[in-house]
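Trainee: I'd like a close look at a single part of this model, please. Pick one piece and take me through how it sits among its neighbours.

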Number of protein chains: 2
Amino acid sequence: MVETTRRQEIEDVASSLFHEHGYSGTSVRDIARALDIQGASLYAHVASKQDVLWSIVDGTASRFEAAADAVTPAPDAESAGSAPDPADRLAALVRAHVGIVTDDVERASVFIHEWRSLSSERRAEIARRRDAYEQRFREVIADGVGAHAFAPVDPVAAAAYLLTALNGVVAWYRPDRRLTPAALADAYVQLSLQALDAGRHAEVPA
Amino acid sequence: MVETTRRQEIEDVASSLFHEHGYSGTSVRDIARALDIQGASLYAHVASKQDVLWSIVDGTASRFEAAADAVTPAPDAESAGSAPDPADRLAALVRAHVGIVTDDVERASVFIHEWRSLSSERRAEIARRRDAYEQRFREVIADGVGAHAFAPVDPVAAAAYLLTALNGVVAWYRPDRRLTPAALADAYVQLSLQALDAGRHAEVPA
């Protein structure tokens, strides 16, 4: 219990430092100093700086994946026929993505910008998981284009456009009263659906 | 003439290395090695690694600014009344932005991701210029919202959404026959105009 909390603290502090100075610009000593403990004490909780980065990136990837699982059937699920309409699925994907980002901007930022600092095997795993996640967006977009629910856009370009726009939240967004996380999510859902011209094209019944 | 060419080569190589390994992950020795010259020879052409970063970032910022100047009147120009309609201006801004990015993905990537590695005075200057550039997008969007040419979106959120989507090109786009730079620009103009629901709202005559 205490260990979980301490580990959590370490990841929180590391996320904040990696976000501000980058992974390569942050030392284990910096993390220990921010926690007001000795570097040696830190190693009682984590094996290495790389280990902390992995926990942050893997944990954040899992949050995105779980959210997408709740919205879209897995790529080779048999139940695709019963999926809700593409605009609803896309709106849910966008809302979930923005929610995870605004819930912890620093961890999301580390996931988005620092995953390339993972060791090669872990980097390959995250590259694969990021591709699979982006593939969910491509498939919903392709479904919507195929059903004439969206404008005839290139699903690869459109998925990249949307996802980089959503990820960009970490670079500029700071919650305030004018633009709350909920208002930001609403605005981004609206912009994303409009980007695909959703609702302007007649849906062809299945 | 020779000096200009050598300087250009140095910036090209540095852009490529900064893009792949980050500014902090690249040494002057790495740049010299990639050019097959001695580090000491490199210093005949550039004062420091920071100096090279500045040239790349400042030069790229100037390209974006010149392109925007050609499209939108400067923020406090007197001629705003004669500006073309917001959808045309936004389309031109998006097309110009994507064109500069695809024309040199590596320099654009350094501009977008590595400007924070500039020394504090230069970083402040680039932060100011980036804000002013983003302000152009906000103003065109606000004009379009005000004229009922665009959906009623928040101009700050919408400008951030669009610009991060456009900047995201550096992270994923590699030209190929299926998606040429011109086809990418077309797709991104379409997505951006649709994101604002341009052309769906009746324009109120000025």
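Mentor: Happy to! One convention first: a helix here is a DSSP run of H or I with at least four residues, a strand is an E run of at least two, and the elements are numbered from the N terminus. Keep in mind too that this is a predicted model.

With that, chain A reads α-α-α-α-α-α-α-α-α-α from its N terminus, so to speak a list of ten helices and zero strands. Of the 206 residues in chain A, 38% are buried. Among the contacts in chain A with a separation of 6 or more, 73% join residues 24 or more positions apart.

The piece I'd pick is helix α7 of chain B, residues 120–146. Let's begin with its length. Its 27 residues, at 1.5 Å each, should span 39 Å, and the end C-alpha atoms lie 38 Å apart, which agrees.

Now for the buried part. The buried residues of α7(B) are B:Arg136, B:Phe137, B:Arg138, B:Val140, B:Ile141 and B:Gly144. Their cover includes α4, α5 and α8 (155–167) of chain B.

Take α4(B) from that list. The axes of α4(B) and α7(B) come within 11 Å and cross at roughly 20°. Angles under 35 degrees count as roughly parallel, so α4(B) is roughly parallel to α7(B). Their crossing is left-handed. On the α4(B) side, the contact uses B:Trp54, B:Val57, B:Ala61, B:Phe64, B:Glu65 and B:Ala68, while α7(B) brings B:Arg122, B:Ile126, B:Arg129, B:Tyr133 and B:Arg136. Sorted by class, that contact has seven nonpolar, no polar and four charged residues. Notice B:Arg136, which is buried and is also part of this contact.

Next, follow α4(B) (residues 49–71) over to α5(B) (residues 86–103): these two pack at an angle of about 155°, with axes 9 Å apart. Angles over 145 degrees count as roughly antiparallel, which makes α4(B) roughly antiparallel to α5(B). This time the crossing is right-handed. The residues in touch are B:Arg63, B:Phe64, B:Ala67, B:Ala68 and B:Val71 of α4(B), together with B:Arg89, B:Ala92, B:Leu93, B:Ala96, B:His97 and B:Ile100 of α5(B). They divide into eight nonpolar, one polar and two charged residues. B:Phe64 and B:Ala68 take part in the contact with α5(B) and also in the contact with α7(B).

α4(A) passes α7(A) in a left-handed crossing. Their contact includes A:Trp54 and A:Phe64 of α4(A), and A:Tyr133 and A:Arg136 of α7(A). By class, seven of its residues are nonpolar, none polar and four charged.

Finally, the two chains meet through 25 residues of chain A and 25 residues of chain B. On the chain A side, α8 (155–167), α9 (169–172) and α10 (181–195) each supply at least two residues, with the largest share, seven residues, coming from α10(A). That side has 16 nonpolar, seven polar and two charged residues.

Note on methods. Residues are numbered from 1 along each chain as its sequence is written. Chains are lettered from A and ligands numbered from 1 in the order in which they are written. This is a predicted model: local features need pLDDT of at least 70, side-chain atom pairs count only at pLDDT 80 or more; totals for chains, interfaces and linings use all residues. Axes are lines fitted to C-alpha atoms, for helices over the stretch in contact, and angles run from 0 to 180 degrees between N-to-C directions. Angles under 35 degrees count as roughly parallel, over 145 as roughly antiparallel, 65 to 115 as roughly perpendicular and the rest as oblique. A crossing is left-handed if the near helix is turned anticlockwise from the far one by less than a right angle, and right-handed if clockwise. Two residues are in contact if their C-beta atoms, placed from the backbone, lie within 7 Å. Ala, Val, Leu, Ile, Met, Phe, Trp, Tyr, Cys and Pro count as nonpolar, Asp, Glu, Lys and Arg as charged, and the others, Gly among them, as polar. The expected span of a helix is 1.5 Å times one less than its number of residues. A residue is buried if 20 or more other C-beta atoms lie within 10 Å of its own, exposed if 12 or fewer, and partly exposed in between; C-beta atoms are placed from the backbone.
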